[in-house]
Structures are given as structure tokens and as C-alpha cells.
Amino acid sequence: MFRFDPELKVYLHREAIDFRVGLNGLAVLVEQALGMNPFEQALFVFRNKRRDRVKILGWQRNGFWLLMKRLEQDRFIWPDAVAVPTLTVEQLHWLLDGIDLAVVHKHPQRLYSRVA
């Protein structure tokens with residue numbers, strides 16, 4: 001299994017898309033529907049109507065790449081959030097693993113200046 005760079009930004013497209021759309025169509029969706037630049041160092045995540053497939057679009061130096069995951073029996077739990085929800089790479093991995101992001105709460109990172 002592969003892991004994405006933790007510094008990447010991840011943006012979700014909330015509405016379902018027609019999965020016949022290819023790289024160019026997804027890049028246009030990023031520009032028009034999300035109002036973002038598809039050439040930035042980020043991942044753009046799309047789902048189909050049945051929520052059993054996800055496509056991830058990314059740009060790397062000289063070209064786009066496209067990943068797709070298809071679930072055989074389950075459904076992705078898509079977050080209900082703001083217009084362009086952003087995730088961390090860790091949250092993207094949770095989403096791809098079927099974890100409901102609405103119920104996951106990590107402990108906050110604590111920074112201390114002294115021990116006692």
C-alpha cells in the first residue's frame with residue numbers, strides 16, 4: 001500500500017460525479033466547481049453517486065495522475081461539511097479505509113515547557 005506525503009492538501013468534491021469523466025474533465029471540475037487551481041500541490045477527491053468508488057486527481061511536476069478505488073460491497077462514508085471540505089492526508093487514509101470522519105476525534109497535541 002502507498003502513503004501520500006503528509007504535507008499535501010486534500011480537497012473533497014461534495015457532490016457525486018459521473019465516473020466516465022477523465023483527467024481533463026476532473027481538472028475542469030477542480031477549476032469551475034471548486035474554484036481552485038488543479039496544478040497546485042494538492043489532492044482532489046471525487047465520488048460516484050453510489051459512494052462505492054473514489055477518484056483522486058493530483059498534479060506532479062509535468063503531468064496529472066489519477067487513482068481510483070472501488071469497493072466491492074461497502075460504501076464510503078462521505079463527510080457533510082463546508083463547501084470545499086479540506087482534509088489532512090491522515091484523514092484521507094481514514095476515509096479510504098471506511099472510517100466515519102464525523103465520529104473520529106484525536107487527542108489534541110500538547111506542548112509543555114517543563115516536566116513538573
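Each exercise below consists of a task and a worked solution.

The model is predicted, so local features need pLDDT of at least 70 and side-chain atom pairs count only at pLDDT 80 or more, while totals for chains, interfaces and linings use all residues. Residues are numbered from 1 along each chain as its sequence is written, and side-chain values use heavy atoms, with hydrogens and water left out.

**Exercise 1. A cluster of rings**

Task: Determine how the rings of W59 and F64 are arranged, and which cluster they belong to.

Solution. 

Step 1. The W59 and F64 rings are 4.9 Å apart, centre to centre, with 70° between the planes, and the pair is edge-to-face.

Step 2. W59 is buried, its relative accessible area being 19%, whereas F64 is partly exposed at 24%.

Step 3. Ring pairs join F39, W59 and F64 into a cluster.

Step 4. A ring may also have a charge above it. A charge sits over a ring if NZ of Lys or CZ of Arg is within 6 Å of the ring centre and within 35 degrees of the ring normal. The charged end of K55 sits over the ring of F19, 5.0 Å from the ring centre.

**Exercise 2. Salt bridges**

Task: State how many salt bridges the structure holds, and describe how exposed the partners are in the bridges of D18 and D52.

Solution. 

Step 1. Side chains of opposite charge can pair when their charged atoms come close. A salt bridge is a side-chain nitrogen of Lys or Arg within 4 Å of a carboxyl oxygen of Asp or Glu. There are three salt bridges in the structure.

Step 2. D18 and R20 form a salt bridge at 2.6 Å, N to O. D18 is partly exposed at 37% relative accessible area, and R20 is exposed at 74%.

Step 3. D52 is joined to R50 by a salt bridge of 2.6 Å, N to O. Here D52 is buried at 3% relative accessibility, while R50 is exposed at 52%.

Step 4. E72 and R70 form a salt bridge as well, at 2.9 Å, N to O.

**Exercise 3. An enclosed helix**

Task: Explain why helix α2 is described as largely enclosed, and name elements that cover its buried residues.

Solution. 

Step 1. Helix α2 spans residues 89-96; six of its eight residues are buried, so the helix is largely enclosed by the rest of the structure.

Step 2. The buried residues are V89, L92, H93, W94, L95 and L96.

Step 3. Contact means heavy atoms within 4.5 Å. The cover of these buried residues includes β1, β2, β3 (53-60), β4 (63-70) and β5 (86-87).

Step 4. After α2 comes G98, which has a positive phi near 90°.

**Exercise 4. Positive phi in loops**

Task: Locate R51 and R61, and state the phi of R51 and of R61.

Solution. 

Step 1. Most residues other than glycine have a negative phi.

Step 2. R51, in the loop between β2 and β3, has a positive phi near 60°. R51 is partly exposed at 33% relative accessibility.

Step 3. R61, in the loop between β3 and β4, has a positive phi of about 45° although it is not a glycine. R61 is exposed, with a relative accessible area of 71%.

Note on methods
Phe/Tyr/Trp six-rings, centres within 6.5 Å; stacked < 30°, edge-to-face > 60°. Buried < 20%, exposed > 50% of the residue type's maximum accessible area, 1.4 Å probe, protein only. Helix = DSSP H or I, 4+ residues; strand = E, 2+ residues; numbered from the N terminus.
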